[in-house]
Amino acid sequence: MIFYVVELLDDWNGDVPSWKVSRNLESPRCHLRLWQRFQDDGNVSRCYSTGRPRVTTPNEDRYIYIYFGSYCQKKQTSTASDLSRQLSSATSTTVSRHTVYGRLGHIGLYARRPVRCVQLTATHCRLRLTWSREHALWTPQQWSCVMFSDESRFSLQSDSRRTLIWRAPGTRYHQENTIERHRYGGAGWLVWGGIILGSRTDLHVQSVTMTGHIYRDVILEQHVRLFRGAMGAEFLFMDDNARPHRANIVDECLQSEDITRMDWPAYSPDLNPIEHVWDMLGRRIAARQPPPTCLPELRRALLDEWCNILQDQIDNLILSMPKRCKACIASSGRHTPY
């Protein structure tokens, strides 16, 4: 930009008023300084500068690193504005919240959204820890006999709040910049599926809530029983502790079909590999062009994408069970990264 101004000045021979130069520069102050310097000595080259001086001294930076670093780890909900006010009262140095962001970033502390997980009590943690210790040393052959199952709901409307849009200031509530969302997620389908090493069940899709009778008559009789007959007595069936899964008619059906149910700790979706399969299925649905616009299209898309998921991906998730158990043990039964 500076060389462009020099060429303009050479062409104008000093006869052009200074207000016209401002149209070719980003800042009015910038063009006034350059114009005055050109009139004084005919030079507009940039002088050497080390940049904007730091507001805080090295001692104050160490105070932020040591005190605020430990303070933020104890009280994570403190805002950068609160920390800047604390620094001002402690050292009489006024800094902005952006300065606090930068200093804390040097020690690896950043403001991020907290991860949302299910609430775990001490009993839940103890049961999760016990289960993980019992299964941490299972071999791939043992895990190959387990069918992991679960239900999930897919809606026509995305529930993601991370979608960003480009808009001009003051147009937040314009129709083209708003996304209408049903309070309870809108119309959709409830799906059930089961995965096992080397295979998977057909995807069951229904519009109503799962009940004990549907779970027995459809899920167990039409899907699980076939795998039990093919694999024999070594077959283990895993489902969570949802109320329809623990109905008396379901227990009676499992006993009559000689299906062994795997003990499962409550509130442990992170230990169930099929949760990642639902995530892959949801991403595939969201990436379809054009996306489903009605329930029949969404149903067809669910069935198609369920079959398109690579079996190797499912097998890798099942074979990660030893790592999941070890992660649960390392966290003393609390939440894991899975």
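Here is a chat about helix packing and aromatic rings in a predicted model.

Me: How do helices α10 and α12 cross, and at roughly what angle?
Reply: Their axes come within 9 Å and cross at roughly 150 degrees. That makes α10 roughly antiparallel to α12, since angles over 145 degrees count that way.

Me: Ok, is that crossing left-handed or right-handed?
Reply: α10 passes α12 in a right-handed crossing.

Me: Which residues meet there?
Reply: On the α10 side you've got His276, Val277 and Met280, and they meet Gln313, Ile314 and Leu317 of α12. Sorted by type, the residues of this contact are four nonpolar, two polar and no charged.

Me: Switching to rings. How many aromatic pairs are in the structure?
Reply: There are six aromatic pairs. One of them is Trp143 with Phe148, and that pair is stacked, with 6.2 Å centre to centre and 25 degrees between the planes.

Me: Are those two buried or exposed?
Reply: Trp143 is buried, at 1% relative accessible area, and Phe148 is buried too, at 0%.

Me: And what about Phe154 and Trp278, why is that pair edge-to-face?
Reply: Their ring centres are 6.2 Å apart and the planes sit at 70 degrees, so the pair is edge-to-face. Phe154 lies in strand β1 and Trp278 in helix α10, so the pair ties together parts that are 124 residues apart in sequence. Phe154 counts as buried at 10% relative accessibility, and Trp278 does at 5%.

Me: Last one: which residues do ring pairs link into a cluster?
Reply: Trp131, Trp138, Trp143, Phe148 and Trp264.

Notes:
Residues are numbered from 1 along each chain as its sequence is written. This is a predicted model: local features need pLDDT of at least 70, side-chain atom pairs count only at pLDDT 80 or more; totals for chains, interfaces and linings use all residues. Side-chain values use heavy atoms; hydrogens and water are left out. Axes are lines fitted to C-alpha atoms, for helices over the stretch in contact, and angles run from 0 to 180 degrees between N-to-C directions. Helices (H or I, at least four residues) and strands (E, at least two) are DSSP runs, numbered from the N terminus. Angles under 35 degrees count as roughly parallel, over 145 as roughly antiparallel, 65 to 115 as roughly perpendicular and the rest as oblique. A crossing is left-handed if the near helix is turned anticlockwise from the far one by less than a right angle, and right-handed if clockwise. Contact means heavy atoms within 4.5 Å. Ala, Val, Leu, Ile, Met, Phe, Trp, Tyr, Cys and Pro count as nonpolar, Asp, Glu, Lys and Arg as charged, and the others, Gly among them, as polar. Rings of Phe, Tyr and Trp (its six-membered ring) pair if their centres lie within 6.5 Å; planes under 30 degrees apart count as stacked, over 60 as edge-to-face and the rest as tilted. Buried means under 20% relative accessible area, exposed over 50%, partly exposed in between (1.4 Å probe, protein chains only).
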